[in-house]
Amino acid sequence: MIDAKEAISEKAVLIGVITQLQDETKSEEYLDELEFLTHTAGGVPVKRFVQKLDRPNPKTFLGTGKLEDVRDYIKTHDIGTAIFDDELSPAQLRNIEKILDCKILDRTNLILDIFAQRAQTSSAKTQVELAQHEYLLPRLTRLWTHLDKQKGGIGMRGPGETEIETDRRIIRDKITLLKKRLQTIDKQMAVQRKNRGKMVRVALVGYTNVGKSTLMNVISKSEVFAENKLFATLDTTVRKVVIKNIPFLMTDTVGFIRKLPTQLVESFKSTLDEVREADLLLHVVDISHPNFEDHIASVNAILTDIKSDDKPTVMVFNKIDAYEHETIDEDDLVTEKTKEHYTLQDWKKTWMNKNDVESIFISALNKENLDDFKELVYEEVKKIHIQRFPYNDFLYYEYKEE
Ligand SMILES: Nc1nc2c(ncn2[C@@H]2O[C@H](COP(=O)(O)OP(=O)(O)OP(=O)(O)O)[C@@H](O)[C@H]2O)c(=O)[nH]1
Ligand SMILES: [Mg+2]
């Protein structure tokens, strides 16, 4: 198993591709994100290698020529790790390892590593460990390559293969064990959720680092760990919040990311159950991020994945204090107005015009527009609360303070 702390603490090169599916700009944005991930994991990105291809090479991800460039660079600059901006297949990993003499990580691996470093509770730790083992299982074949060379095609059933088989069996057993342990945890968590009664449940969801925990803190006056790193939160925090005369439960949970490893989605089931069982979602967006629309799409895809896309949702555009846009000079009649030129007002109009979804623009950090935010959440929670407690109307006795 990859040691969480040791995995990367050294210089790394980042490797990506430009394809028909991702143009130069996209590729660069993705590598920016990979760089942020690398930092978060404790690595130091020193150089990027990007190649234009129809699609990633099925055998070596990059073309072999380009990969040799990478190898030369790694040798001369004493690089410890090469990080690929995609999930490498077991075969790709094996082939690349033959060419580059250093630690190879892919995006999935990197994310798993960050999760492993950050997991605090036994639940989160078990979930990550399960995901790591499932990632590892098909990739255990690495040893085969050495055998291949030594023995050729014949006589492969030597001790080497038995060893791999033994390793595989150990990992499979471990997976079974972890799954069992998770089932027990799942049950406990389900009981806990039940014990919370019928109170309306609101879940903060959104891309990683958008400010969910910060918002949770200002709304519930709690102290949830928030920082400018990806995946600051892995465990779910639930707080009771009261706005005016309605108490409800608010959940802060793990942030999403583009191409969240499927193993993680699967093993974080009990964490994501909080989202699945929520009555109302607050989809928090970092509007100051140049890719925020992509982030919304990624989050929606994962919500669909976990069958939670049809829940009542409020779009919460956070970090308005940090929003910047490009401007067109008044005498410039050539430049066409694009989204880069949108003011906050333009974005508000765009979103207010959507009938099926409520939206609000705030800054959790500077506490801007929080009163309107609370009012909106109150109205949405009230709709659900009234349905759930039809006879409990005394809760709605609102007394005005003069
Ligand atoms: N400028 C600005 N920064 C903010 C705002 N809200 C949060 N941040 C910063 O954004 C960073 C991430 O905040 P978190 O609250 O940890 O974000 P999160 O969504 O919980 O992140 P994960 O738990 O990693 O998914 C921190 O450095 C916050 O201080 C805001 O309104 N404006
Ligand atoms: Mg958080």
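Trainee: Are helices H4 and H5 roughly parallel or roughly antiparallel to each other?

Mentor: This is a predicted model, in which local features need pLDDT of at least 70 and side-chain atom pairs pLDDT 80 or more, while totals for chains, interfaces and linings use all residues. Residues are numbered from 1 along each chain as written, with chains lettered from A and ligands numbered from 1 in written order. The axes (lines fitted to C-alpha atoms over the stretch in contact, with angles from 0 to 180 degrees between N-to-C directions) of H4, residues 107-118, and H5, residues 122-136, come within 9 Å and cross at roughly 155°. Helices being DSSP runs (H or I) of at least four residues, numbered from the N terminus, and angles over 145 degrees counting as such, H4 and H5 are therefore roughly antiparallel.

Trainee: How many bridges pair strand E6 with E7?

Mentor: Strands are DSSP runs (E) of at least two residues, pairing if at least two bridges join them. E7, residues 246-252, runs parallel to E5, with four bridges. E6, residues 237-243, is antiparallel to E7, and Ile-243 stands opposite Ile-246. The number of bridges between E6 and E7 is seven.

How values were computed:
Parallel < 35°, antiparallel > 145°, perpendicular 65-115°, else oblique.
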